[in-house]
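Please consider the structure shown below.

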Amino acid sequence: MAVDCLAGYIYTCEKSGEAVAPPSDLKHIDPAIVANELDPDSPPGKCFVNLVSVDVASYARDYFEKPVKKTLSIPAWLNKAALEQGINFSQTLQEALIAKLNQTSPVTASGKHTV
């Protein structure tokens, strides 16, 4: 789950041109302080620091940019006309869905842009 979160954050920042915060130095992280910030009611001593490493390019290929096959039905006359015009069905569907959703970039399931 941490890898998913980190990959999504870095990927989104890179695609939108935002700066990515540098990694924290483990010597400067106090798990008790972080745990208290996240959950003030958490019992003391029940926290830890964990390294999270991710290959963002590889993760993006597998989860953000991977095409998903869809099957749809259209009238025969529309299919014929589109084929005669050499229309790329996948590209046209993507463009139409992006326009219909009023989006300029891909969106995650949570509704956040992933560009």
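Q: Why are glutamate 84 and lysine 80 separated by about one helical turn?
A: Glutamate 84 and lysine 80 lie 4 residues apart in helix 4, which means a separation of about one helical turn. Helices here are DSSP runs of H or I with at least four residues, strands are runs of E with at least two, and both are numbered from the N terminus. The model is a predicted one, in which local features need pLDDT of at least 70 and side-chain atom pairs count only at pLDDT 80 or more, while totals for chains, interfaces and linings use all residues. Residues are numbered from 1 along each chain as its sequence is written, and side-chain values use heavy atoms, with hydrogens and water left out.

Q: What makes the meeting of glutamate 84 and lysine 80 a salt bridge?
A: A salt bridge requires a side-chain nitrogen of Lys or Arg within 4 Å of a carboxyl oxygen of Asp or Glu. The N to O distance for glutamate 84 and lysine 80 is 3.5 Å, so the pair meets the definition. In general, side chains of opposite charge can pair when their charged atoms come close.

Q: Which residue forms a salt bridge with aspartate 25?
A: The partner is lysine 27, with the closest N and O atoms 3.9 Å apart. The search of the whole structure finds 2 salt bridges.

Q: Why is lysine 27 called exposed?
A: Exposed means over 50% relative accessible area, buried means under 20%, and partly exposed lies in between (1.4 Å probe, protein chains only). Lysine 27 has 72% relative accessibility and therefore counts as exposed. Aspartate 25, at 34%, is therefore partly exposed.

Q: How do you know whether proline 31 is buried, partly exposed or exposed?
A: Its relative accessibility is 25%, so proline 31 counts as partly exposed. Proline 31 is found in helix 2, residues 31–38. Contact means heavy atoms within 4.5 Å; leaving out residues up to four places away in sequence, proline 31 touches Cys47, Phe48 and Val49.

Q: What makes up the nonpolar patch on the surface?
A: Leu72, Ile74, Trp77, Leu78, Leu83, Phe89, Leu93, Leu97 and Leu101 form the patch, with about 870 Å² of accessible area together. Helix 4 (76–84) and helix 5 (89–100) each supply at least two of its residues. Patch residues have over 30% relative accessible area and no salt bridge; nonpolar side chains (Val, Leu, Ile, Met, Phe, Trp, Tyr) are joined within 5 Å, like charges within 9 Å. Leucine 83, at 52% relative accessibility, counts as exposed.

Technical notes: Accessible areas come from the Shrake-Rupley method with a 1.4 Å probe; for residues, only the protein chains shown count as cover.
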